[in-house]
Amino acid sequence: METVYRNEVLIIEDDDNIRRFVTINLERNGFKVSEAALGREALRIIDLNRPDVIVLDLMLPDMDGFEICRKLRESDPDIVIIIVTARGQDMDKIKGLGLGADDYIVKPFNPLELVARIRTVLRRTQHVEKRQRKVLQSGPIRIDLDSNKLFKHDCLIEVTPKEYQLVKVFVENPDQALSRNELLNLVWGEDFVGDTKTVDVHVRKLREKLEDDSSKPLLIETVWGLGYRWRKDD
């Protein structure tokens, strides 16, 4: 089965009850969550494992939240930052956005509102990134040619280099019946010494990772007596 990576959110909040409540609700909505009660702790976590989204409470006991926001934006222009402010602190919202925050939410807040805001910002940033990067798209499958990564419904799929090349050949040649020998030449090279069953093995593994039901493939179709065909998205 495929290895699916969920969007990871780091919650920086010194109130234990709020932090845990937010974490539980984000996890229920499919996010992977890490937590930090202090600013310095959060910076260490980010250095070790960069999250996709940071929810940053501006009122922390050990560091100024604005300074954390500034440091994060200077070090990583792509990371999503949502600041948490107190009700009535309009200048905090303005200052935070000016320092590079992507959005804000006001305490007390409904955790479902935070989920909605995170998803909205992620859609917006990923759409811009997708337009800027070189990508191949076919139905639910997206290939990032800059990073050599493969996604299904925006979830990263872990594939081997040969599996990646094989999918790339398929997506670049939609609705074309490709023989096993053609696929061997295109992916493994004309000098490859081996059996055409190598293609079958890799296709089977790809179906397990990409198809909703590998026993009833909808993306990689078998062309009996010849090879395979990538089904073009209508």
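**Terms and the values behind them**

Modeller: This is a predicted model. One place to begin is P108, which sits in the loop between β6 (103-107) and α5 (111-132).

Colleague: What makes the peptide bond from K107 to P108 cis?

Modeller: Its omega is near -10°, and the bond from K107 to P108 is cis on that value.

Colleague: How do you know how confident the predictor is in the protein chain?

Modeller: From pLDDT, which runs from 0 to 100. The chain has a mean of 88, and 93% of its residues reach 70 or more. Over residues 1-5, however, the pLDDT is below 50. That stretch still has twelve contacts in the model beyond near neighbours in sequence.

Colleague: Why are the buried residues of α2 said to line one face of the helix?

Modeller: The buried residues of α2 (residues 39-48) are G39, A42 and I46. Seen down the axis of α2, they fall within an arc of 55°, so they line one face. An α-helix has 3.6 residues a turn, so residues three or four places apart point the same way. On the other side of α2, R44, D47 and L48 are exposed.

Colleague: What do the buried residues of α2 pack against?

Modeller: Their partners are β2 (8-12), β3 (32-36), β4 (53-57) and α3 (65-75). Packing here rests on contact, meaning heavy atoms within 4.5 Å.

Colleague: How many cavities of 30 Å³ or more does a search of the whole structure find?

Modeller: The search finds one. The largest cavity has a volume of about 40 Å³. Elements giving two or more residues to its lining are β2, α1 (16-28) and β4.

Colleague: What makes residues of that lining nonpolar or charged?

Modeller: The residue type decides. I11, I12, E13, I18, V22, V55, D57, V84 and F109 line the largest cavity. Ile, Val and Phe count as nonpolar, while Asp and Glu count as charged. The lining therefore divides into seven nonpolar, no polar and two charged.

Conventions
Residues are numbered from 1 along each chain as its sequence is written. This is a predicted model: local features need pLDDT of at least 70, side-chain atom pairs count only at pLDDT 80 or more; totals for chains, interfaces and linings use all residues. Side-chain values use heavy atoms; hydrogens and water are left out. Buried means under 20% relative accessible area, exposed over 50%, partly exposed in between (1.4 Å probe, protein chains only). Helices (H or I, at least four residues) and strands (E, at least two) are DSSP runs, numbered from the N terminus. The arc is that of the directions from the helix axis to the C-beta atoms. On a 1 Å grid over the protein atoms alone, a cavity is a set of points where a 1.4 Å probe fits but cannot get out, and a pocket is an open set with protein on both sides within 12 Å along at least five of seven lines; lining residues have an atom within 4 Å of a point. Grid points are joined across faces, edges and corners, and a volume is the space filled by probe spheres set on the points.
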